[in-house]
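User: I'm new to reading protein structures, and I'd like a close look at one part. Which residues does UniProt list for "binding site"? Please walk me through their surroundings, too.

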Amino acid sequence: MQVPVSEIFCSVQGEGPHVGVRQAFVRFVGCNLNCSYCDTNVQKPAFCKFEEVPGTNVFQELPNPLNVENVSELLNSYENVHSISLTGGEPLLEADFIAEMDVSRPLYLESNMTLPDMAKKIRDKVSYVSGDVKLIDEFEGENFESHLERTFECFRTLRNTKDRECFCKLVITKDTSAEDVQGVVDAIADYVSCVVLQPVTQKHLAPEIDVMLKLQNDLLDSIDTLIIPQTHKMWGCL
Ligand SMILES: C[S@@+](CC[C@H](N)C(=O)[O-])C[C@H]1O[C@@H](n2cnc3c(N)ncnc32)[C@H](O)[C@@H]1O
Ligand SMILES: Nc1nc2[nH]cc(C(=O)O)c2c(=O)[nH]1
Ligand code: SF4
Ligand SMILES: [Mg+2]
């Protein structure tokens with residue numbers, strides 16, 4: 001099986017409760033959403049950039065699409081890796097490809113959690129689920145309520161168990177409604193190990209610090225809640 005891939009590299013996880021662990025990353029292309037704050041180009045490139053030696057900024061250009069044996073081998077080439085981050089774009093669009101991957105380390109899925117039928121295909125294969133809830137109201141042809149229902153179904157499918165850690169990340173902007181946040185956290189609290197409030201990285205879109213701290217304080221009544229910004233942006237690694 002073959003899919004287009006934009007990047008394969010080795011870095012440290014910059015977001016969420018496992019920030020700092022060494023990971024191999026594979027970035028799939030394409031997305032079913034179009035978040036206004038998105039920091040990633042989701043278009044299909046002609047070549048996949050492969051950084052053979054971590055941190056060098058020296059990339060091989062591999063013609064797309066790549067086959068699953070090749071991607072698995074490139075990911076397995078990195079040393080001392082805690083887990084393999086499946087990101088994008090939206091990696092659940094490539095659930096069939098992920099189901100065929102043969103890698104030596106646990107899979108860590110980074111997802112917008114809006115594709116529950118795709119999630120079912122890989123639920124027994126992923127060990128970590130970093131699941132976003134998208135609190136934006138720009139959903140083409142779908143209202144906010146049905147978007148949230150699909151999101152909750154996806155969290156039920158990939159929920160936290162003894163074999164799979166699932167946590168939730170919420171990107172917070174100055175337009176985020178505290179009521180929306182409380183509502184979604186109440187709906188998924190039984191499915192996740194913790195909630196991470198991730199302030200949007202663009203300063204002009206970011207909430208005030210007192211707003212973040214109040215949000216955390218309110219959520220702490222129901223669930224373990226952390227505030228963790230994108231740390232890889234601070235020191236400039238991939
Ligand atoms: C690029 S997305 C790819 C995975 C998946 N499509 C998703 O949105 O979860 C990876 C992570 O980066 C976060 N992210 C994207 N742009 C961001 C920004 N400007 N500030 C903070 N987090 C951002 C997303 O919310 C998501 O948690
Ligand atoms: N270092 C690093 N950590 C990350 N955590 C989530 C990322 C992503 O783009 O999904 C990401 C990324 O692109 N780089
Ligand atoms: S779901 Fe993820 S990749 Fe897609 S637009 Fe939103 S942040 Fe970007
Ligand atoms: Mg990123």
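**A closer look at the listed site**

Analyst: Of the 238 residues of the chain, 36% count as buried, and please keep in mind that this is a predicted model. The chain holds seven helices and 12 strands. Its radius of gyration is 17 Å, close to the 18 Å given by the globule rule for 238 residues, so the chain is as compact as a globular protein of that length. Among contacts with a separation of 6 or more, 70% join residues 24 or more positions apart.

Now to your part. The unreviewed UniProt entry lists Val12, Gln13, Gly14, Arg27 and Thr87 for "binding site".

You will find Val12 in strand S2, which covers residues 5–12. Beyond its neighbours within four places in sequence, Val12 is in contact with Gly20, Val21, Arg22, Gln23 and Cys237.

Next comes Arg27, in strand S3 (residues 22–28). Arg27 has 22 C-beta neighbours inside 10 Å, so it counts as buried. Again leaving aside neighbours within four places in sequence, Arg27 is in contact with Val5, Ser6, Glu7, Thr87, Gly88 and Gly89.

Key: Residues are numbered from 1 along each chain as its sequence is written. Chains are lettered from A and ligands numbered from 1 in the order in which they are written. This is a predicted model: local features need pLDDT of at least 70, side-chain atom pairs count only at pLDDT 80 or more; totals for chains, interfaces and linings use all residues. Helices (H or I, at least four residues) and strands (E, at least two) are DSSP runs, numbered from the N terminus. The radius of gyration is taken over C-alpha atoms; the globule rule is 2.2 Å times the number of residues to the power 0.38. A residue is buried if 20 or more other C-beta atoms lie within 10 Å of its own, exposed if 12 or fewer, and partly exposed in between; C-beta atoms are placed from the backbone. Two residues are in contact if their C-beta atoms, placed from the backbone, lie within 7 Å. UniProt positions are given in the numbering used here, feature names are shortened, and annotations may be inferred rather than shown by experiment.
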